[in-house]
Amino acid sequence: ASMREERIDKTKTVCTYCGVGCTFDVWTKDRKVLKVEPQQESPANGISTCIKGKFGWDYVNSEERLTKPLIRNGESFVEVEWDEALNYTAKRFEEIKADKGADALGFISSSKATNEESYSMQKLARQVIGTNNVDNCSRYCQSPATKGLFRTVGHGGDSGSIDDIAKADMVITIGSNTAESHPVLASRIKRSQKLFGQTLYVFDLRKQEMGQRADRFFQPKSGTDLVWLSAVTKYIIDQGWEDRAFIDQWVNDFDAYKQSLEPFTLEYAEEMTGITQANLTEIAEQVASVGKLAICWAMGVTQHQLGSDTSTAISNLLLVTGNYMREGTGAYPLRGHNNVQGCSDFGSMPNFFPGYEEVASDEVRQRYENAWGVDIPATPGLDNHEMIGAIHEGELQSLYVLGEDTGIVDANINYVTAAFEKLDFFVVQDLFLTETAKYADVILPAVPSLEKEGTFTNTERRIQRLYQALDPVGDSRPDWRIIRDIAEKLGYDWLYDSPSDIMDEAASLAPLFAGVSYDRLTNYNSLQWPVAPDGTDTPLLFTDGFPFADNKAKLYPLSFELRYDTDDEYDLHVNNGRVLEHFHEGNMTYKSPGITSKMPTAFIEVSPDLANERGINEGAEVKLISRTGEVTGAVHITDRVSGNELYLPLNDNGRTAINYLTDNNVDKDTDTPAYKEVAVKMEVIKKK
Ligand code: SF4
């Protein structure tokens, strides 16, 4: 190698953005990220990446990085040394616990943090403080999918691997803008469609790229997917097309489920969803006749008041048609954040220990009590949504939020920030002075993925290691270390020298990860959970049956009631989601000039019909007013949306932030905000 090349470091890492979990070597020189080089052996992506993985790294060198701990002093913050910040935090936690009890404290972990950090956060809450009030931001996206799968097949993760989606004869996507939100996974579907004629049906409110490529594209009315899914399943059973042998051997509760389908006639489904009866029967015929079916879904399904039930309806359809247990089949909730799967897997949930073992189970709790030497409360704690409510009620006095801009990403911003103002003590741990951090009493400077070690778990349940490529900026520190040090200040010596020690402890306690160790995850090696003690992992779930007492899955009866609609005053529906270039609230991607130049601000998509009706042109400025708040923005006229549907990218952290419009409605089973159910009226500010 030349002299020049010798000064370049190549470090294996895992993408910090979406749940596809692309891995690559990152080339760095000093603090400069020179390039990203995926490897043939990258399990999820091979030699591909998307624009975010390739160019989305400038934020690590942003001038706006926090480099010192900050403590509030009146209206401003003062920089302090770590010892002072940690002592102060520990002291306030102790005081509030002594005064109001352990359940007056809440802990929110991040899907951007590593598995080891999620494990540490729930251990801090449960062992050191003594509360189950710990949750993570998958509450905002994928909890309903996890719930729907738990109820029916017993594991809350993708049934197989991305390879299985590629091998299916037919793929259905529902409420997923796959090409922009999971670009590398979408390219696998595109390839299968082209190479061996994989059939693609897309269901979405908006005709995005995959909708344009699909063999058939359907636009059901917002929030009605449960109805067409159930009607198609009913029609299949009525015709006798169900997979009898599979159901007899592997599925319980068929009769009760069949009975629950009675209301879901084709007439009713047409009326509720807008999909014609002829189309519904055609969908049923196609689904029943194809050999291997995989269904992918995302926030368009989950962020509704019936998000868990709709996810359940997807799993029911797969069970009735025998589309589990085999390669190329199954359920694929497409995880949004890089570690949205892992953060829940490793126990930052109010009702689960790591590996989805119930807090309420005496046997499980005792295992942790023995290991940690404390009593742990048997009742589940508060989830994120309940924590905000409990602050308003005066029951929660302290909140510790890690790597999440709650004040932008939670629904109904005005209500959430009003809660922050009521807190006695608020700790925010992040890379930047986020909107949320502005309300904090203590701000602890954390590091991004490139500056630490750990593991992330992608949408395929695949655990992958990231290695440290850069030194932390200033005095910033990895989240796991900060949490460990707070535990220590509170009298618990955790003795972790590195994330590997934390993983060893998790593996020793949670059977789902029994065989996980850093040695088995070196470089591009990865493991898909469950991982047996001998290190055997599970690319495809359920090959020996379902994880219930009799090895059988369960069909879960459902009902439907329209929970939300537009009315005469709030006459337009706002859909929202990602764009390719940006990620969530934009705290990382807006700090990458290369990306921001391609997509500087958010825009409001309006259909040609609606633009015509309101007399507005491209670039017009409008105000959207919902029942809870308002935003203003520029109009983009496009036939990707139709009729009274609007689309607003969710990636703006300024005046067009979607969560000024969203309200307190949640999925009835998981408290996930119903972000997609927003009715607004539109005022024209400037016609253009
Ligand atoms: Fe990163 Fe997802 Fe893009 Fe892969 S597809 S590079 S994981 S954002």
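**What covers the buried residues of helix 13?**

Part of the cover comes from helix 10 (225-238) and helix 14 (277-289). This is a predicted model, in which local features need pLDDT of at least 70, side-chain atom pairs count only at pLDDT 80 or more, and totals for chains, interfaces and linings use all residues. Residues are numbered from 1 along each chain as its sequence is written.

Helices here are DSSP runs (H or I, at least four residues), numbered from the N terminus. In helix 13 (residues 266-273), Leu266, Ala269 and Thr273 are buried, meaning that 20 or more other C-beta atoms, placed from the backbone, lie within 10 Å of their own. Seen down the helix axis, these residues fall within an arc of 60°, so they line one face of helix 13; the arc is that of the directions from the axis to the C-beta atoms. An α-helix has 3.6 residues a turn, so residues three or four places apart point the same way. Just after helix 13 comes Gly274, with a positive phi of about 85°.

**Around the ligand**

The ligand is surrounded by 14 residues, and the closest are Cys15, Cys18, Cys22, Cys50 and Gly53. Being near means having a C-beta atom, placed from the backbone, within 6 Å. Helix 2 (51-55) and helix 8 (183-196) each supply at least two residues of this shell.

**Two domains meet**

Domain 1 (3-61) and domain 3 (143-333) each give the ligand shell at least three residues; the bounds come from an automatic or database domain assignment. Across their interface, 9 residues of domain 1 are in contact with 7 residues of domain 3, with contact meaning C-beta atoms, placed from the backbone, within 7 Å.

Notes. Buried ≥ 20, exposed ≤ 12 C-beta atoms within 10 Å, placed from the backbone.
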